[in-house]
Amino acid sequence: HLELIAKIDGEVRSFDPGEAPTYQAAILAGAARGLSPREAKRGFNQVTWLEGVDRLFLPGTGVSTGNGWIKYGLVANDVGYFGTYTSGGYAARDFSDPLGDLAVLEAALDDALAQFALVGVRAVIVDASMNHGGHDFISRAIAARFAQTSLFAYAKFARDASDPYRTDVYLTPAEGVQFTGQVYFLTSDI
């Protein structure tokens, strides 16, 4: 979802990073085993998200919901984990029910943060390292559960519109259950 376009010294330049280096490595390893790039990426996702998180971070203790695209639990007695594979598709995998997605997410956040409060976690890992994108309101709903104050998040506008309208987006702390302790946010080149 990333492309940078800029006018530098009167010349339009663009940059599209292409496939993430992590996926490039998975595709190369898959090719050595006779797999197509799509099969290699799916295999990597399976081992990393569907099996890896459960086996390495949440062995026997984690919760998986939202079509398996939300996972949470305790990685240690005092450290919580909340990870997402996408930012939507929780109610219907085809992303056709955004309000349903938000309801599933809010229920998962309520349950996860209540569990974390019950045991008194000192920190929470928010994992978006395998997140393949989706709705920005989903990502804001997650961030709002960890926000202590309102703040400017980003601006959106249609760059190629003749008269673009800019929308400033602010993050406001959630009204529901929150965690305002230490948060470690994981991301990756995916």
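S87 has a relative accessibility of 4% and therefore counts as buried, a word used here for residues under 20% relative accessible area, with exposed meaning over 50% and partly exposed in between, for a 1.4 Å probe and protein chains only. The model is a predicted one, in which local features need pLDDT of at least 70 and side-chain atom pairs count only at pLDDT 80 or more, while totals for chains, interfaces and linings use all residues. Residues are numbered from 1 along each chain as its sequence is written, and side-chain values use heavy atoms, with hydrogens and water left out.

**The surroundings of S87**

S87 lies in the loop between β5 (79-84) and α3 (98-119), where helices (H or I, at least four residues) and strands (E, at least two) are DSSP runs numbered from the N terminus. Leaving aside neighbours within four places in sequence, the residues in contact with S87 include F95, G133, H135 and I138, contact meaning heavy atoms within 4.5 Å. The side chain of S87 also makes a polar contact with the side chain of N131, at 3.3 Å; such a contact is a pair of N or O atoms within 3.5 Å, where within protein one must be able to donate a hydrogen and the other to accept it, and residues adjacent in sequence count only if both atoms are side-chain atoms.

**The chain as a whole**

The protein chain holds four helices and nine strands, and buried residues make up 32% of its 190 residues. Of the contacts in the protein chain with a separation of 6 or more, 57% are between residues 24 or more positions apart.

**Salt bridges**

Side chains of opposite charge can pair when their charged atoms come close. Nine salt bridges are found in the whole structure, each being a side-chain nitrogen of Lys or Arg within 4 Å of a carboxyl oxygen of Asp or Glu.

| Salt bridge | N to O distance |
|---|---|
| E11 and R13 | 3.8 Å |
| D110 and R145 | 2.9 Å |
| R122 and D78 | 2.8 Å |

E106, D110 and R145 are linked in a network of salt bridges.
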